[in-house]
Amino acid sequence: MTRSSTAHGSRTARSDLFRLTTAALVAALVFLFTFLIKVPTVLGYIHLGDALVLLYAATGDPLALVAGALGEGLADLAGGYYQYIPATVLIKALIALPLVLGNRKQEAPEKKLLTRRNALLSLPSVPITLGGYFIIDYLLGGAYAFTALGTNAVQAVGSLLVLAVLATAFDRSGMRDRLF
């Protein structure tokens, strides 16, 4: 093994470790922003976790799917919403998927998180959230699913607004380059 291949291998291992550490940190933040920072509603609560999932997904890192699913699934576990855990894990991975796929295909990744492309790629998160939770709510409670649509819509659309604020802050501060 030559010195240059050893250096490259070390850089790759360091890069992989950095990605895994970032994903673990984001999963922890998603959990905290979902479980601790929430607005109670009659039908559950509205939280900021989805915005973090979408923000991380905008970097194109496939680990965003895992970080979002894990962080929000753990929040359901800690909150006692056991019946929602499987649905939440799937839905949160799915809301991140369009952003991850859309940003992975780029030759040179965007230097900004708040772009027209990312805004468009984040829009499917609304019907994914509404449809996914409607199905699980209908299976669990029948007509209750129709009542929960309003709260879920506020959650989904509100997450897009918080995403815009966070992405702007990350872009202006240069944090995207330092963290992702």
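Residues are numbered from 1 along each chain as its sequence is written, and side-chain values use heavy atoms, with hydrogens and water left out. Because the model is predicted, local features need pLDDT of at least 70 and side-chain atom pairs count only at pLDDT 80 or more, whereas totals for chains, interfaces and linings use all residues.

The protein chain contains eight helices and two strands; helices (H or I, at least four residues) and strands (E, at least two) are DSSP runs, numbered from the N terminus. In order from the N terminus, the elements are α-β-β-α-α-α-α-α-α-α. Of the 180 residues in the protein chain, 39% are buried; buried means under 20% relative accessible area, exposed over 50%, and partly exposed in between, with a 1.4 Å probe and protein chains only. Among contacts (heavy atoms within 4.5 Å) with a separation of 6 or more, 68% are between residues 24 or more positions apart.

Three salt bridges are present in the structure, a salt bridge being a side-chain nitrogen of Lys or Arg within 4 Å of a carboxyl oxygen of Asp or Glu. One of them joins arginine 19 and aspartate 61, with the closest N and O atoms 2.7 Å apart. This pair links distant parts of the chain, since arginine 19 is in helix α1 and aspartate 61 is in the loop between α2 (49–57) and α3, 42 residues apart. Arginine 19 has a relative accessible area of 32% and is therefore partly exposed, while aspartate 61, at 9%, counts as buried.

Lysine 92 takes part in a salt bridge with aspartate 50, in which the closest N and O atoms are 2.9 Å apart. Here too the pair links distant parts of the chain, with aspartate 50 in helix α2 and lysine 92 in helix α4, 42 residues apart. The relative accessible area is 2% for aspartate 50, which is buried, and 1% for lysine 92, which is buried. Lysine 92 also meets the side chain of glutamate 72 in a salt bridge (3.9 Å, N to O). Because glutamate 72 lies in helix α3 and lysine 92 in helix α4, this pair ties together parts that are 20 residues apart in sequence. Glutamate 72 counts as buried at 2% relative accessibility. Through shared partners, the salt bridges join Asp50, Glu72 and Lys92 into one network.

Rings of Phe, Tyr and Trp (its six-membered ring) pair if their centres lie within 6.5 Å; planes under 30 degrees apart count as stacked, over 60 as edge-to-face and the rest as tilted. Five aromatic pairs are counted by this rule. The pair of tyrosine 45 and tyrosine 81 is tilted, because the ring centres are 5.8 Å apart and the planes are at 55 degrees. Tyrosine 45 is in strand β2 (residues 44–47) and tyrosine 81 in the loop between α3 (63–79) and α4 (85–104), so that distant parts of the chain, 36 residues apart, are linked. Tyrosine 45 is buried at 15% relative accessibility, whereas tyrosine 81 is partly exposed at 29%. The rings of tyrosine 84 and tyrosine 133 are also tilted, because their centres are 6.3 Å apart and their planes at 45 degrees. This pair links the loop between α3 and α4, which holds tyrosine 84, to helix α6 (residues 125–141), which holds tyrosine 133, 49 residues apart. Both tyrosine 84 and tyrosine 133 are buried. Phe134, Tyr138 and Phe146 are linked into a cluster by ring pairs.

Lysine 38 lies over the faces of two rings: that of phenylalanine 35, at 4.7 Å from the ring centre, and that of tyrosine 45, at 4.5 Å from the ring centre. A charge sits over a ring if NZ of Lys or CZ of Arg is within 6 Å of the ring centre and within 35 degrees of the ring normal.

Serine 122, in helix α5 (residues 116–122), is buried with a relative accessible area of 4%. Apart from its neighbours within four places in sequence, serine 122 contacts Leu99, Leu160 and Leu163.
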